[in-house]
Amino acid sequence: MIVVSVAATPTSKVLKSFSETFPNASNIKWSDDKEGYFVSFTQNGNFEKVLYSKNGNFVCSWKYSDGKELLTPVVMVLKKNYKDCEITGVTEYATDQNVSYEVKLANSKNWYSVKVSSEGKILGTEKFTN
């Protein structure tokens, strides 16, 4: 299998939308495929990716962080259900209609991957032995 990396040339609408939405982005890298234009970048110490459609509309985004900026309902449900665990990483997934989080937690015995809605509802959990 051969993998080829091609520099993408996003439309002016995509570039304008991106620069208005993420004015503090750095280390910006664009790529494209049949789905649209992907951009990866760093902002406020977090690595982020965004997908725009070929016609320039926002499709979805991923933000990878340490969890210090989690919404209160998310923090509350995690503290209630995983009292003895520390957050080791968070992936925020957003569309124009929804935001959810995949939170990685750990204690001395187990690792957990917990999917949580922005309202603080647990959507799924995986448990791994440490």
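**View 1. Overview of the predicted protein, which contains two helices and eight strands.** Read along the sequence, these elements follow the pattern α-β-β-β-β-α-β-β-β-β, and the C-alpha atoms fill a box of roughly 50 × 35 × 25 Å when taken along the principal axes. Of the 130 residues in the protein, 37% are buried, while the protein exposes about 8,500 Å², of which carbon and sulfur atoms supply 52%. Among the contacts with a separation of 6 or more, 28% are between residues 24 or more positions apart.

**View 2. Helix α2, with its buried residues and the strands they pack against.** Helix α2 spans residues 72–81, and its buried residues are Val-74, Val-77 and Leu-78. Seen down the axis of α2, these buried residues fall within an arc of 100°, so they line one face of the helix. On the other side of α2, Thr-72, Met-76, Lys-79 and Lys-80 are exposed. The buried residues pack against four elements, namely β5 (86–95), β6 (99–106), β7 (110–117) and β8 (122–129).

View 3. Ser-117 has a relative accessibility of 8% and counts as buried, because the cut-off for a buried residue is under 20%. Leaving aside its neighbours within four places in sequence, Ser-117 is in contact with Val-74, Val-99, Ser-100, Tyr-101 and Leu-123; one of these, Val-74, is also among the buried residues of helix α2.

View 4. With a relative accessibility of 56%, Lys-121 counts as exposed, because the cut-off for an exposed residue is over 50%. Leaving aside its neighbours within four places in sequence, Lys-121 is in contact with Lys-115 and Val-116. Lys-121 and Leu-78 are 43 residues apart in sequence, and their C-alpha atoms are 9.7 Å apart in space; Leu-78 is one of the buried residues of helix α2.

**View 5. Aromatic pairs that involve Trp-62, shown with Phe-38 and Tyr-93.** A search of the whole structure finds nine aromatic pairs. One of them joins Phe-38 and Trp-62, whose rings are stacked, at 6.5 Å centre to centre and with 25° between the planes. This pair links distant parts of the chain, since Phe-38 lies in strand β2 (residues 36–43) and Trp-62 in strand β4 (residues 58–65), 24 residues apart. Phe-38 counts as partly exposed, at 25% relative accessibility. Trp-62 also pairs with Tyr-93, and here the rings are tilted, at 5.7 Å centre to centre and with 50° between the planes. Trp-62 lies in strand β4 and Tyr-93 in strand β5, so the pair ties together parts that are 31 residues apart in sequence. Tyr-93 is partly exposed, with a relative accessible area of 32%. Lys-49 lies over the face of Trp-62, at 5.6 Å from the ring centre.

**View 6. A cluster of rings that includes Trp-30, together with a separate lysine–tyrosine arrangement at Tyr-37.** Ring pairs link Phe-18, Phe-22, Trp-30, Phe-41 and Tyr-52 into this cluster. At Tyr-37, the charged end of Lys-54 sits over the ring, 4.7 Å from its centre.

Notes. Residues are numbered from 1 along each chain as its sequence is written. This is a predicted model: local features need pLDDT of at least 70, side-chain atom pairs count only at pLDDT 80 or more; totals for chains, interfaces and linings use all residues. Side-chain values use heavy atoms; hydrogens and water are left out. Buried means under 20% relative accessible area, exposed over 50%, partly exposed in between (1.4 Å probe, protein chains only). The arc is that of the directions from the helix axis to the C-beta atoms. Contact means heavy atoms within 4.5 Å. Rings of Phe, Tyr and Trp (its six-membered ring) pair if their centres lie within 6.5 Å; planes under 30 degrees apart count as stacked, over 60 as edge-to-face and the rest as tilted. A charge sits over a ring if NZ of Lys or CZ of Arg is within 6 Å of the ring centre and within 35 degrees of the ring normal. Accessible areas come from the Shrake-Rupley method with a 1.4 Å probe; for residues, only the protein chains shown count as cover.
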